[in-house]
Amino acid sequence: MNKSESTNDSGFSLVSGGLIYSITSPLRKGKTADKARYHMAFFLVILTWGILGILAFSANAIEDTELTISFLEDIMIHVRYLFVIPFLILIEKVAESAFLGYVKTSEKIIQISEQPRFNKLVENLNKLTDSFIPEIVMLITVYTYVALNWDSLEQFTSERNYLSNAGELNAAGWYYLLVCSPIFQLLVFRWLWRWAVWVFSVFKISKFNLKMDSLHADKMGGLEYINIVPLALSFLLIAPSAVFSAHIACEIIYKGAELSQFIFSIGAYVFLLPLILYAPLLLFITKLIKTKTYGIINFGNTIRKHNMAYNDTWITEKDKKIEPLLGSMDNSSLADINGSYASVQASQLLPINLKMLILSFVMNLLPYLPLIFTYYTPSELFQDFLKSLL
């Protein structure tokens, strides 16, 4: 492939662009990408959790009552703004590296005749990630929801004594609804949008005439690399799972709920979300079927010719002057060509790496493990562990 035909991916990025990225651009001036992420994460923590905490302290809502939760005891707020927000910023490096590798590897299996189409696709992906429109629409939706569902928000604010006074929102309550919550939702939506952009790219690439390899060692025709993106995005599942885990913890600690009430919901989160991440890869099933069919037919015919020649040379001894298909017409060539066919037979029809999918399940499960301590203390668990050994 000529250099002039290759994709111009300089400046291409999955994580840059969009409304919040542009607003925080002054934080990144003159800094490396890693330092810029740390500064952006710290700034957003101060803007949300920091200012909300100051407003809560100024409202003298530090101690809770039997019916309310104080700012210091609000596990869900701390998880959202002290963990999830910086996590969603710092994880950019992992997702960016995986997506760029995915784009560059996809370029290598695109036919040269379709290179202009692929270049156009990369340009469109860049425009989609750079666009302000999705995030603006999302913010409008959030504020519209708050306005239309004001009554449904009363329970949340009334349970937290630092957000309201005598049933009326105080400064902390207004700041939470109009600043903190929209910023959190915007960061979550930002990643949902980028996942949608990746799904769009998978759909488009699945329509290209790809250079598939039925003998590839990955047993997926050379498509195993597409699993790297959902694996990287699986780290993001830790964020919503951490929030849901914190919500469950609040229900158990402050409302007397039982962990068993949430087992089905936890199971659905743990298994369903990774499956949704990997589901777009199924668009390549038809290509894998065609690749395996091609391999079975063509390698089958080649092996048949080779074996017939081998039989005529060494078994029936009809003709020892046959032109060999694979080097010397002996037992070694027979093992080589049959070994190649075994690779074709072992090729998968599903372009999903099972080990990567299981790893995604495990990562999504991790935020729920601390809920065990709502039933047992660490010392009780240790004692039970010792008893099981003895």
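A residue is called buried under 20% relative accessible area, exposed over 50%, and partly exposed in between, with a 1.4 Å probe and protein chains only. The structure is a predicted model: local features need pLDDT of at least 70, side-chain atom pairs count only at pLDDT 80 or more, and totals for chains, interfaces and linings use all residues. Residues are numbered from 1 along each chain as its sequence is written, and side-chain values use heavy atoms, with hydrogens and water left out.

Salt bridges were examined next. A salt bridge is a side-chain nitrogen of Lys or Arg within 4 Å of a carboxyl oxygen of Asp or Glu. Side chains of opposite charge can pair when their charged atoms come close. Six salt bridges are found by this rule. One of them joins Arg 37 to Asp 34, with 3.0 Å from N to O. Both residues belong to helix H2 (residues 33-58), where they sit three residues apart, about one turn of the helix. Helices are DSSP runs of H or I with at least four residues, strands are runs of E with at least two, and both are numbered from the N terminus. Arg 37 has 13% relative accessibility and therefore counts as buried. Asp 34, at 33%, counts as partly exposed.

A second salt bridge pairs Arg 190 with Glu 92, whose closest N and O atoms are 3.1 Å apart. This pair links distant parts of the chain, with Arg 190 in helix H8 and Glu 92 in helix H4 (residues 92-108), 98 residues apart. Both Arg 190 and Glu 92 are buried.

Glu 251 is buried, with a relative accessible area of 18%. Lys 255 is partly exposed at 46%. Elsewhere, salt bridges that share partners join Asp 34, Arg 37, Glu 92, Lys 93 and Arg 190 into one network.

A cavity is a set of points where a 1.4 Å probe fits but cannot get out; a pocket is an open set with protein on both sides within 12 Å along at least five of seven lines; lining residues have an atom within 4 Å of a point. Grid points are joined across faces, edges and corners, and a volume is the space filled by probe spheres set on the points.

The largest pocket has a volume of about 730 Å³. Its lining holds 28 residues, and the closest to the pocket centre are Phe 184, Gln 185, Val 188, Leu 192 and Pro 240. Helices H3 (75-90), H6 (133-148), H8 (171-205), H10 (238-255) and H11 (263-278) each supply at least two lining residues. H8 gives the largest share, nine residues. By class, the lining of this pocket has 24 nonpolar residues, three polar and one charged. Here Ala, Val, Leu, Ile, Met, Phe, Trp, Tyr, Cys and Pro count as nonpolar, Asp, Glu, Lys and Arg as charged, and the others, Gly among them, as polar.

Helix H3 is largely enclosed by the rest of the structure, because 12 of its 16 residues are buried. Among them are Met 76, His 78, Arg 80, Tyr 81 and Phe 87. The expected span of a helix is 1.5 Å times one less than its number of residues. For the 16 residues of H3 this should be 22 Å, and the end C-alpha atoms are 21 Å apart, which agrees. H3 has a kink of about 30° at Val 84, shortly before the proline Pro 86. The bend at a residue is the angle between axes fitted to the seven residues ending there and the seven starting there.

One cavity of 30 Å³ or more is found in the whole structure. The largest cavity contains about 30 Å³ of space. Its lining includes Ser 214, Lys 219, Met 220, Leu 288 and Gln 348. Two nonpolar, five polar and two charged residues make up this lining. Lys 219 lies in the loop between H8 and helix H9 (228-234). Phi of Lys 219 is near 65°, a positive value in a residue other than glycine. At 40% relative accessibility, Lys 219 counts as partly exposed.
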